[in-house]
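Subject: Structure handover

Hello,

Here is the structure for you to look over. Please open it first, then read my notes below.

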Amino acid sequence: MLFEPVPVLDHGFIRVVDYMGDDEAIVQAARVSYGRGSKRRRRDRGLIRYLMRHWHTTPFEMCEIKLHVKLPIFVARQWIRHRTASVNEYSARYSVLDHEFYVPERDRLQAQSTLNSQGSGDVLNDDEAQRVLDLLTTDAGQAYEHYEEMLNLDAEGATLDSDRQGLARELARMNLSLNFYTQWYWKIDLFNLLHFVWLRADPHAQYEIRAYADVLLDVIRRWVPLTYDAFMDYRMNAASISGPGLAVLRRMLNGEAVDQESSGLAPAEWRELMKLLNSES
């Protein structure tokens, strides 16, 4: 995968620039041993699964990866909240941003959720969706046109008016909207990458950052396949149950009929538990 951009959204990508370590580096660190091939692959797999199951993190930190990512600014603002990486971002103080901005596909234009203040609801109807697309395209196009005018540059980067100085890049950039693309180099260890993907590839995460997380999940699969399998089994496709929830589950396994009122759980936690158990109760 090295140096091959994997497309994300309409103009974005993820490109693996460099990496250090692999599944073997993880088991070597866990055994504090050196030398290659000292254990059979089956035993390596078992050890990695043990480490993942019990969330022993430091052996996974022995692996690192460096990525070149192109992403909309509003996605970058979510992404940067993961503070366990080294980041160097394209600077619009020194360079002119490209005329590229993100416009969602029509079926991604959703209304605000009535149940979740951080989530989306139903897809907009055709007329409203088209109006939103027109506004996004028009506003971003006009913002970039004014950006170039303030810089005194044309589309090819040549000076528009030799009698004007043009505004400094560090100020002209403030006119651009959050759907314009930025780029950065992002270096992170494997454990913290797994944590990022666990949060951002979740179905409840915003679609745009989830699209990047899905690509990163495939990067992990190709880079450290034994770790990927364990991660899918013990994190992505697993679930956490609270102490009271576990007590309810034990009562059910013992044949006791339990409903929300007798469970001692709050209604929201009861619904979550029943959904997890795929129960209609």
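One definition to start: buried means under 20% relative accessible area, exposed means over 50%, and partly exposed is in between (1.4 Å probe, protein chains only). W186 has 1% relative accessibility, so it counts as buried.

Some ground rules come next. This is a predicted model, where local features need pLDDT of at least 70, side-chain atom pairs count only at pLDDT 80 or more, and totals for chains, interfaces and linings use all residues. Residues are numbered from 1 along each chain as its sequence is written, and side-chain values use heavy atoms, with hydrogens and water left out.

**The whole protein**

The protein has 11 helices and seven strands. Helices (H or I, at least four residues) and strands (E, at least two) are DSSP runs, numbered from the N terminus. Of its 281 residues, 36% count as buried. The C-alpha atoms fill a box of roughly 85 × 55 × 25 Å, taken along the principal axes. The radius of gyration is 24 Å, while a compact globule of 281 residues would have one near 19 Å. That radius is taken over C-alpha atoms, and the globule rule is 2.2 Å times the number of residues to the power 0.38.

Now contacts, meaning heavy atoms within 4.5 Å. Take those between residues at least 6 apart in sequence: 67% join residues at least 24 apart.

W186 is found in strand β7. Leave out residues up to four places away in sequence, and W186 touches I65, K66, L67, W79, A85, S86, V87, L193, F196 and L216. L136 is 50 residues from W186 in sequence, and their C-alpha atoms are 28 Å apart in space.

Helix α6 covers residues 190-200 and is mostly covered, with eight of its 11 residues buried. Among the buried ones are L193 and F196, both of which W186 touches. At the start of α6, a side-chain oxygen of D189 comes to within 3.1 Å of the backbone nitrogen of F191.

N179 sits in the loop between α5 (169-172) and β7 (181-189). Is N179 buried or exposed? It counts as buried, at 10% relative accessibility. Its side chain makes a polar contact of 2.5 Å with the side chain of S177. A polar contact is a pair of N or O atoms within 3.5 Å; within protein, one must be able to donate a hydrogen and the other to accept it, and residues adjacent in sequence count only if both atoms are side-chain atoms. Beyond four places in sequence, N179 touches P72, F74, E100, F101, Y102 and A140.

S95 lies in the loop between β4 (86-89) and β5 (110-112). S95 is partly exposed, at 28% relative accessible area. Setting aside neighbours within four places in sequence, S95 is in contact with Y90, Y147 and R169. The C-alpha atoms of S95 and E170 are separated by 9.2 Å, though these residues are 75 apart along the chain.

**Two positive phi values**

Most residues other than glycine have a negative phi. L9 has a positive phi, near 55 degrees. L9 is in the loop between β1 (6-8) and β2 (12-20), and counts as partly exposed at 24% relative accessibility. N152 also has a positive phi, near 65 degrees. N152 lies in the loop between α4 (126-151) and α5, and counts as buried at 2% relative accessibility.

Best wishes
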